[in-house]
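Hi everyone, thanks for making the time today.

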Amino acid sequence: MTAAPESSLQIDVFSIFPEAIDGFCSYGLLGKAREAGLVTVRVHDLRSQAGDPRRSVDDAPFGGGAGMVLLPGPIFDAVESCSPPRPLLLLGPAGRLFNQEMARELAEQAASGSGGFSLLCGRYEGVDQRVVDHLVDGEVSIGDYVLAGGEAAALAVIEAVTRLMPGVMGNDASLVEESFADGLLEYPQYTRPSVFRGWAVPDVLLSGDHGKVACWRRAQAIMRTIEVRPDLIEARGGLSPDEVRLIRQYGYAGDLPPQMQGP
Ligand code: 6GU
């Protein structure tokens, strides 16, 4: 018999595509976490609360304009009939940008006893503002682009938070997210075969010298972050003199603007 998990994460999701949410959450890491009782995902169909025989969940916007707006009625009814865990977050392009820090906050709240959180998937051109003003606790976006609905965003949030819950990953979560924790992108990884179509794995990774491997990985992570996400380097307060020395030693010849060098 497996021991009951110390803390479990309860996530309630409100959507007009409940099967899509539920299906995704049945695979891989999420599916395993659910089976182990570490996370409970309950999906509520907004359509089942629609009042009319056609089960409408949207209507044209007052004042005119393109598209349809989700009705407040079915959303209030669905939420109030099950008192889901709070915070209840609306997923929409006007929300606060979701990031690793927010994922960590939601996981920590759940692990320390809040129970979990809930997600409301917005759709079409929007959601009646009274839902925003009087029902939800906040609005979250996953990036500066437009999706047709909040479902894909909800799945991103669910997966990012679930993998941080104690017991979900093999190792401790703090180790698992090491790369983002120090503000750098992940170093390149290789597996078998050591030569594939003539492309060889870097020698250092086959050397068995763990110290050298660690230095190489750190240099790669820094160089990759400089190239792809210089904003992350600035956000962590630049590079230390040791880090600058390290990447020079590994052949980095590019410019390092002042904001990338630490104090
Ligand atoms: Cl959460 N919803 C929609 N509709 N578009 C988005 C988004 C969410 N996040 C980024 N774009």
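Let's start where helix H4 passes H6, in a right-handed crossing. This is a predicted model, by the way, so please keep that in mind throughout. H4 covers residues 100-114, and its axis comes within 8 Å of the axis of H6, with a crossing angle of roughly 65°. Who makes the contact? On the H4 side you have Ala-103, Leu-106 and Ala-107, and on the H6 side Val-157, Ala-160 and Val-161. If you sort the residues of this contact by type, you get 6 nonpolar, no polar and no charged.

Now stay with H6, residues 151-162, and look for helix H2, residues 28-35. The axes of H2 and H6 come within 10 Å and cross at roughly 65°. Is this crossing left-handed or right-handed? H2 passes H6 in a left-handed crossing. Here Leu-29, Leu-30 and Ala-33 of H2 meet Ile-158, Glu-159 and Thr-162 of H6. This time the contact residues divide into 4 nonpolar, 1 polar and 1 charged.

Let's zoom out for a moment. The chain has 263 residues, and 40% of them are buried. Its secondary structure comes to 11 helices and 10 strands. Along the principal axes, the C-alpha atoms fill a box of roughly 70 × 55 × 40 Å. And if you take contacts between residues at least 6 apart in sequence, 74% of them join residues at least 24 apart.

How is the chain divided up? The domain assignment gives domain 1, residues 9-162, and domain 2, residues 195-260. Between the centres of the two domains, taken over C-alpha atoms, there are 39 Å.

My last stop is helix H11, residues 241-249. Which of its residues are buried? They are Glu-243, Val-244, Leu-246 and Ile-247. These residues sit on the same side of H11, because they cover an arc of only 160° around the axis. Turn to the face pointing away from that buried side, and you find the exposed residues Pro-241, Asp-242, Arg-245 and Gln-249. And what do the buried residues of H11 pack against? Their partner is helix H9, residues 210-228. One more detail before you go: just after H11 comes Gly-251, with a positive phi of about 95°.

Conventions:
Residues numbered from 1 in each chain as written. Predicted model: local features only at pLDDT ≥ 70, side-chain atom pairs only at ≥ 80, totals over all residues. Heavy atoms only, no water. Axes fitted to C-alpha atoms, helices over the stretch in contact; angles between N-to-C directions. Helix = DSSP H or I, 4+ residues; strand = E, 2+ residues; numbered from the N terminus. Left-handed = near helix turned anticlockwise from the far one by under 90°. Contact = heavy atoms within 4.5 Å. Nonpolar A, V, L, I, M, F, W, Y, C, P; charged D, E, K, R; others polar. Buried < 20%, exposed > 50% of the residue type's maximum accessible area, 1.4 Å probe, protein only. Arc of directions from axis to C-beta. Domains from an automatic or database assignment.
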